[in-house]
Amino acid sequence: MRWGLLALTLAFLAYPLILTNPFYQDAGALVLLAAISASAWNIVGGYAGQISVGHAMFYGAGAYLPLLLYQHWHLPPLLGVPLAIAVSLGLALVVGFPTFRLQGHYFSMATLAVAELIRIVVSNWELLGAAIGLQGPAVSPNWWDLTFRSAVPYYYIFLAVLALLLAVTWYMEQSRLGYCLRAIRAGERAAKSLGVPVRRYKLYALMLSAAFTSLAGSLYAFKTGFVDPDSGLGILVSVQMIIVAALGGTGTLVGPLLGAVILVPLQTATNTWFGGGGAGLTFIVYGGIIVLIARFEPGGLMELWHRLTAPRTRRSPAPRHAA
Amino acid sequence: MILLQVIVGGLLLGAVYALLSSGLTLIWGMMNFINFAHGEFVMIGMYVAFVIVVALGVGPSIFGLAAAIGLFILGVAIYFALIRAVMRGPILAQILSTFGLALLLRYTAFWIFSPNFVTLPQSSLTGTINLGGILLNVAQLVAGVVAAALTLALHLLLTRTAVGSQLLAVAADRQAAMLMGIRPDRMQALAWGLSAASAGIAGALMAISYPFSPAVGETFALTAFVVVTLGGFGSVPGALLAGLLVGLIQALSAYYFGPVYKDVIVYGLFVALLWLRPQGLLGTA
Amino acid sequence: MLLSAEKVTKRFAGFTAVAEADLTVEEGEIVGLIGPNGAGKSTFFNCVAGDLAPNAGRIRFAGIDVTHAPAESHARLGIGRTFQVPATFEDMTILDNVMVGAFLRHHSRAAARTKALQVLELTGLKDQAGLRAKSLGTPGRKRLEIARVLATEPRLMLLDEALAGLTPSEIQRAIALVRDIHKLGVTIVIVEHIMEVILTLAERVLVFNQGRVIASGKPQEVIDDPAVIEAYLGRGHARAARRE
């Protein structure tokens with residue numbers, strides 16, 4: 001098992017050096033970016049079981065603010081990253097605080113409403129580029145502007161951020177917060193009766209998730225140098241995170257990464273084969289996949305794997321002991 | 001005078017919102033389930049109207065009926081194919097199921113029809129009518145009145161008929177209803193059919209007056225969410241009241257702040273509602 | 001006095017489920033709540049547990065007013081409860097289930113794990129620690145719930161029909177477990193239908209009917225009380241009992 005992990009890590013590290021075709025290097029970077037945002041969503045959607053369908057609001061904040069600072073005030077976009085995180089944390093509180101004391105549906109509805117609200121406002125706000133969007137530095141001599149011609153530096157930056165995120169997630173998973181979040185997902189009423197501070201922990205999960213999602217959005221802005229209401233705040237941004245996490249397995253550490261590795265190349269392939277119409281078909285398929293996952297294997301591929309490889313256990317009680 | 005016109009127009013559209021949302025609140029009250037694809041039912045109702053009018057050239061009563069029947073069947077089919085199974089599973093699956101369904105329906109519509117906005121060809125309901133100095137669009141007037149009537153009809157169905165009391169029994173206590181010989185499964189399927197049908201008719205009614213595209217589903221879903229939250233969990237009369245209110249607020253917002261922000265204000269009010277009074281107008285804390 | 005509930009009233013949309021019910025529990029007691037179906041004992045129980053807020057009345061635990069306190073604070077103060085329909089965390093392992101309880105008092109994973117294993121040992125579930133909760137049958141789930149609550153180190157344990165649906169031999173095992181927990185110093189309030197359990201376990205019994213407490217006292221006294229017999233079996237039997 002440890003050797004497998006080592007091999008996998010080396011594979012990820014060596015990937016762009018082995019597949020030197022710029023197309024594959026770029027694809028690799030996109031896979032990692034998708035894995036980052038899906039893993040971030042996973043913290044609140046997977047571990048805590050609170051389904052956000054408007055995570056694009058955090059991603060969009062992360063993408064817009066650095067480019068805003070650059071385009072309007074000629075400041076280094078990097079300064080926008082912590083600002084975007086702060087904004088995202090604020091949004092998380094606005095959405096989560098009232099809804100986390102209510103049934104789960106309210107939270108989901110609220111995320112959709114707020115994300116859409118923000119998208120409409122941004123689409124009509126000249127300062128934020130309205131429908132056209134914002135642009136970052138095209139080519140810059142400064143390293144902190146993070147404009148690279150090759151995808152390779154981005155690949156490694158993304159890999160580092162993913163590693164950080166997975167480490168944080170792993171640490172959380174093993175901690176009191178992690179156990180309690182899983183309990184909240186499994187049964188909120190029972191969790192409350194055991195003293196779990198449900199509302200507070202849900203907020204922690206959402207804020208952690210929002211911060212990393214914002215970071216993912218910033219990374220996207222650095223790489224593409226551009227954002228508009230659709231690419232930054234559209235519903236498909238939220239959908240992408242959900243399907244990637246759900247396919248791989250929500251509430252697992254590597255599920256989102258697994259989902260990204262499968263889905264992103266697939267999406268790139270269908271886009272290439274079907275051309276412009278490919279995008280439309282892709283989302284029909286995405287919708288279908290989400291329905292199938294929900295209907296047959298909500299735990300995703302990780303759960304499927306677990307079910308196929310778990311030892312056969314009988315449902316009858318274990319040998320009796322004197323109580 | 002213009003303001004009065006705006007107000008009446010808003011109330012008329014609000015009645016349609018009420019009809020559109022009554023199905024959603026029925027399902028929520030019965031099964032504690034929010035259908036994220038509800039907006040797509042409305043959208044499909046609009047396109048059913050479109051297809052029928054283009055193919056057969058018939059009037060609103062026909063395509064309204066077609067939308068109702070078609071969506072009823074779709075609603076029941078979705079219940080048996082998907083909903084019944086995910087109800088037994090985790091909440092994640094429940095929310096994802098209709099969310100995925102929404103995407104599936106929306107992008108299939110994008111693929112079949114183009115992303116462009118379309119309108120129905122001229123129907124018999126054209127022109128304006130002068131009611132006491134207020135100029136009203138005939139189509140919008142008919143839509144609003146019909147929608148209000150249908151919403152009330154739904155309420156009466158639930159509260160005054162045998163079938164309705166069976167539906168409400170299942171909503172109140174599944175176990176007890178089963179003990180009384182009611183089949184919850186059948187009732188829930190019926191509820192889904194009614195829910196989809198009412199959304200479809202609302203869509204057909206709106207299609208007469210407004211242009212539409214496959215993208216509108218999301219906006220209607222959000223509008224419905226606001227209406228059912230404002231009106232209170234499971235309450236059809238609440239949905240009627242809330243629908244009228246939301247229509248009114250939207251019309252006034254468009255009048256004072258321009259059409260771009262009319263939805264934004266409604267969504268913003270939704271967030272405020274969640275902060276201050278999530279049980280809605282008629283609910284108890 | 002560990003727990004005192006005074007004149008607790010709970011109404012649901014015009015229907016009064018619990019009307020001015022009183023209950024006092026001294027530290028170290030085992031008290032039973034019985035009554036026919038719909039008598040209000042579960043609703044009362046949920047008020048005491050913090051799941052429902054009473055419309056009137058007061059509930060005090062160890063001197064602290066908990067009438068409107070949320071369920072989370074109840075647990076922290078030392079009130080634990082099980083659910084009528086077991087609410088175990090199905091996809092989590094048995095050990096993890098109990099660890100969630102243990103995390104209330106222990107903040108590190110290692111400490112919570114140790115505590116959880118201790119509790120699993122006490123409740124006879126240690127061998128199944130690695131299995132998922134959903135692999136258990138109902139008796140196992142009920143036992144797991146008890147273990148999970150025990151891990152929160154409660155002073156008072158509220159058991160909601162923890163023995164319903166068990167076979168006679170399972171009932172014996174469960175009674176033994178409750179006795180073991182009692183020996184650890186935990187005060188117990190148990191809602192139950194099964195007379196045998198109440199008679200065996202409870203030192204004191206309260207009888208509910210139509211939202212009110214109609215009798216209270218030692219188990220043997222209570223079951224001979226004509227009011228109680230009338231509540232369960234109707235007026236005819238009560239008259240017959242009085243004649244004897």
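These notebook entries record what I looked up about two interfaces in this structure, which is a predicted model.

**Entry 1: chain C against chain A**

I began with the contacts and found that 38 residues of chain C touch 29 residues of chain A. I then looked up the buried area, which is about 2,900 Å² for this pair, with carbon and sulfur atoms giving 55% of that area.

Next I turned to charged pairs. I recorded 3 salt bridges between chain C and chain A. One that I looked up joins the side chains of C:Asp96 and A:Arg182, at 3.5 Å from N to O.

I asked which helices of chain C each supply at least two residues of the side that touches chain A. They are helix 2 (71-77), helix 3 (94-102), helix 4 (109-122), helix 5 (138-150) and helix 6 (168-183). Helix 6 of chain C gives the most to this side, with 5 residues. Sorted by class, the side of chain C that touches chain A holds 16 nonpolar, 7 polar and 15 charged residues.

**Entry 2: chain A against chain B**

I repeated the search for the second pair. Here 42 residues of chain A are in contact with 39 residues of chain B. The area buried between them is about 3,900 Å², and carbon and sulfur atoms give 80% of this area. I noted that A:His105, A:Met109 and A:Ile284 are the residues of chain A that lose the most area to chain B, together 17% of what that side buries.

How many salt bridges cross the interface of chain A and chain B? I found 0 by the rule. I did find polar contacts: 6 residue pairs between chain A and chain B, both residues being at pLDDT 80 or more.

I then listed the elements of chain A that give two or more residues to the side touching chain B, namely helix 4 (80-99), helix 5 (104-123), helix 11 (235-248) and helix 13 (277-296). Helix 5 of chain A gives the most, with 12 residues. By class, I counted 28 nonpolar, 10 polar and 4 charged residues on the side of chain A that touches chain B.

**Entry 3: the two interfaces side by side**

For my summary I set the values in pairs. Carbon and sulfur atoms give 55% of the area buried between chain C and chain A, and 80% of that between chain A and chain B. The salt bridge count is 3 for chain C with chain A and 0 for chain A with chain B.

Definitions and conventions. Residues numbered from 1 in each chain as written. Chains lettered and ligands numbered in written order. Predicted model: local features only at pLDDT ≥ 70, side-chain atom pairs only at ≥ 80, totals over all residues. Heavy atoms only, no water. Contact = heavy atoms within 4.5 Å. Buried area = accessible area lost by both parts, 1.4 Å probe. Salt bridge = Lys/Arg side-chain N within 4 Å of Asp/Glu carboxyl O. Helix = DSSP H or I, 4+ residues; strand = E, 2+ residues; numbered from the N terminus. Nonpolar A, V, L, I, M, F, W, Y, C, P; charged D, E, K, R; others polar. Polar contact = N/O pair within 3.5 Å; in protein donor to acceptor, adjacent residues only side chain to side chain.
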